[in-house]
Amino acid sequence: MRAVRALSAAVLLLGLAATPAAADSSPSAGPSGDGDAPTTAGTSFRTATEIEQGRRATANAAAAGDYLYWSFPADAGQRPTVRATVRLPETHAAQTWQVDVYDGLRRRQACQWGAQTRTAAADASSVELACVLRTVRAWSEPWANDPLPGTYYVRLTALDLPTSDLGARVGAEIEVGSKDMGGAAAVDGSLSEPLVPGVAMASGADEDGEDRGAVLSAIEPEDGWSSGWWSDRWVWTGIGGVLAALAGVGGYALTRGSGRPSRVPPGA
């Protein structure tokens with residue numbers, strides 16, 4: 001019984017250790033305030049505006065068929081969701097808008113679900129788009145198109161605008177959030193560094209007075225890049241091992257009996 005009590009205490013401690021890991025499966029809470037949120041968007045991958053997860057970015061543009069670009073970091077185990085809202089002018093014809101997501105290698109990533117392309121009626125004041133990506137993996141085969149840790153790009157554009165709406169002013173809002181999938185998304189292997197840290201346009205000039213141009217992006221997840229061997233899968237594996245040991249001890253206690261019967265002589 002002493003061994004059973006010790007193993008029960010070990011199960012309790014492992015359960016307490018697993019509680020934070022289980023809590024991580026809820027959507028991540030990013031910055032709540034939008035005071036420092038970007039108010040512009042880039043027009044290419046190289047000039048994409050950097051945004052943090054959980055913070056809403058806005059931009060005003062002319063609906064002329066140009067692309068609007070933003071970039072954000074995504075780490076292993078996260079399942080990013082991109083939401084976009086386009087505020088349309090008071091008078092306009094039917095318009096079709098689309099949001100696409102690319103990884104740092106400029107590979108277009110498929111959406112698991114969400115209204116990636118939508119057509120706004122002539123009397124609509126806005127159109128909302130969404131794209132839920134696949135879970136970012138810590139490691140993948142070279143031939144696969146799996147999302148990997150690194151920078152991701154959001155591209156928002158209007159498709160086949162009617163001539164009457166060319167040049168009309170629109171407002172765009174972008175927000176990116178992620179859900180931590182926990183040990184269910186763990187794989188055997190990891191990247192020591194993010195796949196592509198991303199490219200940003202440096203502001204200002206260098207010592208020679210020339211524009212600094214493109215530099216590596218400094219933006220990263222709020223808690224840093226955490227790709228590695230550890231996941232809450234180890235905790236649940238440990239709990240399973242302890243439960244198996246408890247089952248073995250309990251089975252032995254039930255089947256061993258009460259010892260030698262009193263009617264059997266010691267030498268028999």
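Here are some questions and answers about the strands, sheets and cores of this predicted model.

Q: Is Val154 buried or exposed?
A: Val154 is found in strand E9, which covers residues 150-159. The cut-off for buried is under 20% relative accessible area. Val154 has a relative accessible area of 0%, so Val154 counts as buried.

Q: Where does strand E9 come in the order of its open sheet?
A: E9 is the strand that holds Val154. The sheet is an open one of 5 strands with mixed pairing. Reading its order, E1-E3-E9-E5-E7, puts E9 between E3 and E5.

Q: Which strands stand at the edges of that sheet, and why is one side of each left without a neighbour?
A: Go back to the order E1-E3-E9-E5-E7 and look at its two ends. Each edge strand has a single partner strand, so one side is left without a neighbour in the sheet. The two are strand E1 (49-50) and strand E7 (117-120).

Q: Which residue in E3 does Glu50 stand opposite?
A: E1 pairs with strand E3 (residues 68-74) in the parallel sense, over 2 bridges. Glu50 belongs to E1, which spans 49-50. Its opposite number in E3 is Ser71.

Q: How far apart in space are Val154 and Thr49, C-alpha to C-alpha?
A: Along the sequence, 105 residues separate the two. In space, the C-alpha to C-alpha distance is 9.6 Å.

Q: Which residues touch the most other members of the largest nonpolar core?
A: This core has 31 residues. Setting aside neighbours within four places in sequence, Val154 is in contact with residues including Trp70 and Phe72.

Q: How many residues does the second, separate core have?
A: Among its members are Phe45, Tyr69, Tyr102 and Tyr153. Tyr69 is also one of the contacts of Val154. The count for this second core is 5 residues.

Q: What are the edge strands of the open sheet with antiparallel pairing?
A: This sheet has 5 strands in the order E2-E10-E4-E8-E6. An edge strand here pairs on one side only. Neighbouring strands are turned by 35° against each other on average, direction ignored. The edge strands are E2 and E6 (111-113).

Q: Which residue in E10 stands opposite Ala59?
A: E2 and E10 pair in the antiparallel sense over 7 bridges. Opposite Ala59 stands Ala172.

How values were computed: Residues numbered from 1 in each chain as written. Predicted model: local features only at pLDDT ≥ 70, side-chain atom pairs only at ≥ 80, totals over all residues. Heavy atoms only, no water. Helix = DSSP H or I, 4+ residues; strand = E, 2+ residues; numbered from the N terminus. Buried < 20%, exposed > 50% of the residue type's maximum accessible area, 1.4 Å probe, protein only. Contact = heavy atoms within 4.5 Å. Pairing = 2+ DSSP bridges. Core = buried A, V, L, I, M, F, W, Y, C linked by side-chain atoms within 4.5 Å. Axes fitted to C-alpha atoms, helices over the stretch in contact; angles between N-to-C directions.
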